[in-house]
Amino acid sequence: MTTIYPRNDTLAASVARLWLRVYTLGMTADLRERRDDQLNSDLWEHQADRLGADVAPGMVGLEVIGRMVRGMPADLLWRFQLEGPRMDIKIPFERVTGILLLVLVVVAIGSTSISGYDTGAEEWEATLRDRLGNRSSTERNMTIAWFTFCGLALVGGAAAFHAALQTRAPVLSALSSAFMAAAGVLVLVATASYTVMTNLAVQFVDGPSDPGLVGTSRAFALATEWLTLTAGMALAISVVGLVTAAVRERLVPQWLRWPTGLAVGLLLAGLVGMVAGRDEYWWGFSMGGALCLALTLLIAGFTLLLGRGQPSRPAEVLPAA
């Protein structure tokens, strides 16, 4: 006998159902309904358990969103595994991986550009007023939407890379995908911090002068900066793992190991400069390492897309919709 669970119509539950409709798009009604029943059951049990433990409803909603974000790679992998064998159009493995690498370049640059404001204590009030508070609402919303897309794209890309490379390099693909998914989650959290920061900036410009807004908004700016920095580090580790797997499997030119190694050396030197408090060295070395990684991804992506790699195993094909 099937248990019927009541629908949970909170905002967090609606967001979770929206994600379900996205990753089950194109599937049969029976499969989508079965997945929806599983989600309703999980939402009802989670809310009943947490509210029974006297947890605030708002915190329960945040927990639901967090579980949804962490489960995105598994949801996408479930979709690929379920429908992959039924699809007729075949795309060569190298082409799929090449496209993913090229898309990753754009998403990586976009997701790490959320910070960049002068967060110095003396300069922050001017930054808050001139660079944040006077921006139009359309510009702010578009910026938030872009960073949200980048975070979700990293989470989805983690699942896609793992599905594409797990048969060739299971360990490296798992580690790289985990760091990429972590970077995506960090970007989403940084986007939320950025949203609060911009709202405080608008209040500072439009409302009466409140010195407390300056300190609070600067705290969120610093949080955004460190979250983005951590996401960039996780993403760099993921990219190094992906390129290493591609080089080891002879999917891309072997000499790409040298710019990858150079990028790692520059990033480590930048990290040492940051710890030592030498901002000029930190910035220069870090940007140099990021540029090397971006060029390496571009070369690897175009090599795979144009079919000029030298795979050491028979050519594979991946199913595609």
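Let's start with Leu235: setting aside neighbours within four places in sequence, Leu235 is in contact (heavy atoms within 4.5 Å) with Leu104, Ala108, Ser111, Leu154, Met180 and Ala183. Keep in mind that this is a predicted model, where local features need pLDDT of at least 70, side-chain atom pairs count only at pLDDT 80 or more, and totals for chains, interfaces and linings use all residues. Residues are numbered from 1 along each chain as its sequence is written, and side-chain values use heavy atoms, leaving out hydrogens and water.

Leu235 also turns up in the largest nonpolar core, which has 34 residues; Leu235 is one of those touching the most other members, along with Leu104, Leu154, Phe161, Met180, Val252 and Leu297. Such a core is a set of buried Ala, Val, Leu, Ile, Met, Phe, Trp, Tyr and Cys residues joined through side-chain atoms within 4.5 Å. Buried means under 20% relative accessible area, exposed over 50%, and partly exposed in between, with a 1.4 Å probe and protein chains only.

Now for the salt bridges, each a side-chain nitrogen of Lys or Arg within 4 Å of a carboxyl oxygen of Asp or Glu. The count comes to four. In one, Arg35 pairs with Asp75, with the closest N and O atoms 3.1 Å apart. Both Arg35 and Asp75 are buried. In another, Asp42 meets Arg67 at 3.0 Å between the closest N and O atoms. Asp42 is partly exposed, at 31% relative accessibility, and Arg67 is partly exposed too, at 35%. Glu249 and Arg248 form a further bridge, at 3.9 Å from N to O, and Glu249 is buried at 6%.
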